[in-house]
Amino acid sequence: MAKKFTLDEFFETLKKYNVEEIEGVKIEGDLEIEIEPGSGIDANLIGAIAMLSNYMQLIQEFGNFIYHTNMALTYLQRLSQALGIQMPVGVQIPTEQPVPAQEVTPVEVPKFRIPEKLIPAKFEPFRVEYPGMIEEVTLGATRSDGGTREVTVTIGGEKSLAFYNFDTQNPNIPVIAIDVFDRKPMLAKAVREHYEDVLEDPAEWAKKAVKDFGADLVTLHLISTDPLLEDTPASEAVKVVEDVLQAVKVPLIIGGSGNKEKDPEVLEKAAEVAEGERIMLASATLDMDWERIGNAAKKYGHVVLSWTQMDINNQKTLNRYLLKRVGIDRNSIVMDPTTAALGYGLDYAFTNMERIRISGLRGDTDLNFPMSSGTTNAWGAREAWMKDSPIEGDTPWGPRELRGPIWEIVTGMTLALAGVDMFMMMHPGALAVMKEWMKMLSGVIEESIDNVDDWITMEV
Amino acid sequence: MKVKSPLEVYKYLPQTNCGECGYDTCMSFAAQIIDRNVKPTDCPPLMENASKDKKFEKKLNELIALTSPEIAEVVIGSGESAVKIGGEDVLHRHELTFFNPPAFFFDVHDNMDEALIDERCSRVVEYRKFYVGDFITLEGISVRCVSNDPEKFRKVAKKVAEYGKPVVLISLNPDCMRAALEEIADQRPLIYAATEKNWREFLELALEFRVPVTIRSRDLDTLKSIAKTFRENGVSEIVLDPVTEPVGKGLKNTFERVIQLRRTAILGEDKEIAYPIMVTPISAWLIEGDDITRGYWETVIASTFVTKYADIMIFRNLEQYTVMPSVVLRYNIYTDPRTPVQVEPGLREINSPSPDDPVFITTNFALTYYTVESDLSSSNIKCWLLVLDTEGLGVEVSVAGGQFTAAKVKDLIQETGIEQKVNHKFLVIPGLAARLQGAIEDETGWTVLVGPMDSGRIKGWLEQQWPPKSGE
């Protein structure tokens, strides 16, 4: 294939060799020459030299520029000597001292030759398939399954990383539960204002969460059982469980107060009154009587939340205990590897969950369970609730009612990308944004926009 | 990086343990190469040999090829404010670490009035968010050509460049781009963008002005084809924009394109697309809705792709409620998981305290420590701060996990000699460690006061509680 050179490129070439003055020369016509590529010698250089000889006559007609042209020629000749090639015949070179070859500076290849066509290329996406699969867990039971729920919720079942539906379509979109408490808890203002009217009534609270805010499930925290608070007896506390089961027809998650001694009893009682409803008991931990909680789940047909403190090995251990020692079915375990808020350890939470999910997909059957996240923890971050930065020199933080929800959203989104299947959240706006985003990434919201180039020139 | 073990690197080293690199042995230098703390060119004998002998030079180049990052690095800007993007080696941070956080550029355009441009540029330049002992800042400013007038664009590009931050020039019109480049090319702006239509002109601009260039296409075959053409014609500083579609199925497809690009570059070893990726959260401003909705959605897009592989982003919103979560998330995801974020345990004197001033205790988790320390310092509270070795865990987790115990508090009190420095025996513990109050009192004999849940409230707390009433 022959290389082509135009006169313009010739001038570009001269320019490279510091012959700038000749730029003023105008030669009409689209002059081109063709040469065969030389063996081992830069075709551009040969082109430049050959061109020079061809155009010598032409250039000479512009007598007043000849001096500069000669400079170029001299340079090219030195170059050609250095490279051991002959200048084309018939070119008059003004005599000058030959320069030793080793002093020649390296040649810069002319740069601005722009090809006419793109080099064709095919993008071949790298495929990933995992041998394992995350267990599918269903919460809630309808009448036909011995419960009273009108809907059930199924999570897990993934064969690829979260939202990597181009690898394998994952069967379930992650779900969101709203937290409800059996006594008035401490809440950030931006959250509290949405529940002000129901804070005293868990059943109404649950209704609002489902009907007004679109929660897929409700998490009822029986915090009044805490010996440091009201110390409500377990048998009395679980009456609220019955109220909430009456009030809403979505699946329930029941949590204790976090008290190691009392929670097993409270969760056992809750399991009993909710028999047949397939609730989730939150949670069994290594430092409390996990066996008792596990047994309660097994006996009354519930799911158990296996909660560890950001440690993949402890998570493995607790899951094994629940599977092997208690004999819980594989479809009845959900893990909570602990959620830390954006800015307050989210990196640890994210990586811990991501590692757990990848291990599960790679075939570790101690870890291939769906994950839950206490995303409400995001409200513990001062950026979410504090009026403004306490730090001197910080750019002002702006309105906190806008900061809080987005802190919860970003915490949740990040962990969704690590593989979380179920979120416990509180701010209705945060829940709505998370849902929308997860639906989009899962492909159930078709509606897109076409004018995706317009931001480049929009006037906002 | 193609190699995973120091042994594979060691083969290429002089194996003399001369120590000229600053490490005791060639093997430890090899380990540092694997961890990307040093480069093969940091070995003086290797460099010397290579300069003398073609055979050694070849070996050195092999080693460089084996140990260079999977994703090319691109530098935008010049001088001290220049920002490096790309250079990643892994798909998941726990496999090594992510290296260069995505650079954030904020939008101005050439139809904005001058005062607004100045205001926005100043906000970018002056942005500060205190986090883990330092201030997070923003990287640069992007300038869009909305007027389609080369002279106008030139003028605004010049103005913006004077702020000294790296710049992204945005126009699909080569004439406009040329005008701006004539003005500020020496500051190495990133130009945006070469497309299927204008690529010839943009290739010429990238070559002529020697600036990094963005290639934009939704079609990954086309994207690869343009990148390959640019590369083979001498442009190596390339950024890929697979086009950000802000909502719906478009967002799903964007997610797929970004992940496929990065995964194919790293696992599929496709060098022809192994470049930094651009994502444009500013695309959120194409959706219907008020500014808050669009600002929120801009953050949603940013968060998705901070976690998943974006190396550079263009933002519209400068409001803190969207900038702050984005910069903090970026910091979190790009924190090196190999090094625990801890500070030295011991005693810190805050604002030159006297023996009458209160004694606080916190953990050595860097985030906790710097938060408490800066709250105390910036509120001008004079106090003594004990820093307990909780193995880099925060208060809540270390109290639950047994790294924050009464016995360890007692040891710390003895080791630091705090008893001799103050004339009282009151210790303020974090609100989140309240349950240890009794145990610490029993163990140490000090009176333990439970402080607030958040150190930002210490000032108010002290007004009520300090000095402690005697006899309590």
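**A helix, the cores and the contact**

A: Helix α11 (residues 346–361) of chain A has 16 residues and spans 22 Å from its first C-alpha to its last, close to the 22 Å expected at 1.5 Å a residue. The expected span is 1.5 Å times one less than the number of residues, and helices (H or I, at least four residues) and strands (E, at least two) are DSSP runs, numbered from the N terminus.

Q: Before we go on, what kind of model is this, and how are things numbered?

A: This is a predicted model, in which local features need pLDDT of at least 70 and side-chain atom pairs count only at pLDDT 80 or more, while totals for chains, interfaces and linings use all residues. Residues are numbered from 1 along each chain as its sequence is written, and chains are lettered from A and ligands numbered from 1 in the order in which they are written.

Q: Back to α11(A): how many of its residues are buried?

A: 14 of the 16 are buried, so α11(A) is largely enclosed by the rest of the structure. A residue is buried if 20 or more other C-beta atoms lie within 10 Å of its own, exposed if 12 or fewer, and partly exposed in between, with C-beta atoms placed from the backbone.

Q: What comes just after α11(A)?

A: Gly363(A) does, with a positive phi of about 115 degrees.

Q: And chain A as a whole?

A: Chain A contains 14 helices and twelve strands. Of its 460 residues, 46% count as buried.

Q: Which residues touch the most other members of the largest nonpolar core?

A: They are Val218(A), Ile254(A), Leu281(A) and Leu240(B), in a core of 247 residues. Such a core is a set of buried Ala, Val, Leu, Ile, Met, Phe, Trp, Tyr and Cys residues joined through C-beta atoms within 7 Å. Helix α13 (residues 400–418) of chain A gives the most to this core, nine residues.

Q: New topic: how many residues does each chain put into the contact?

A: Chain B supplies 86 residues and chain A 66; two residues are in contact if their C-beta atoms, placed from the backbone, lie within 7 Å. On the side of chain B that touches chain A, α10(B) has the largest share, with eleven residues. By class, that side of chain B has 36 nonpolar, 28 polar and 22 charged residues. Here Ala, Val, Leu, Ile, Met, Phe, Trp, Tyr, Cys and Pro count as nonpolar, Asp, Glu, Lys and Arg as charged, and the others, Gly among them, as polar.

Q: What about phi of Arg188(B)?

A: Phi of Arg188(B) is near 50 degrees, a positive value in a residue other than glycine. Most residues other than glycine have a negative phi. Arg188(B) sits in the loop between α7 (174–184) and β8 of chain B.

Q: And why does Arg188(B) count as buried?

A: Because Arg188(B) has 20 C-beta neighbours inside 10 Å.
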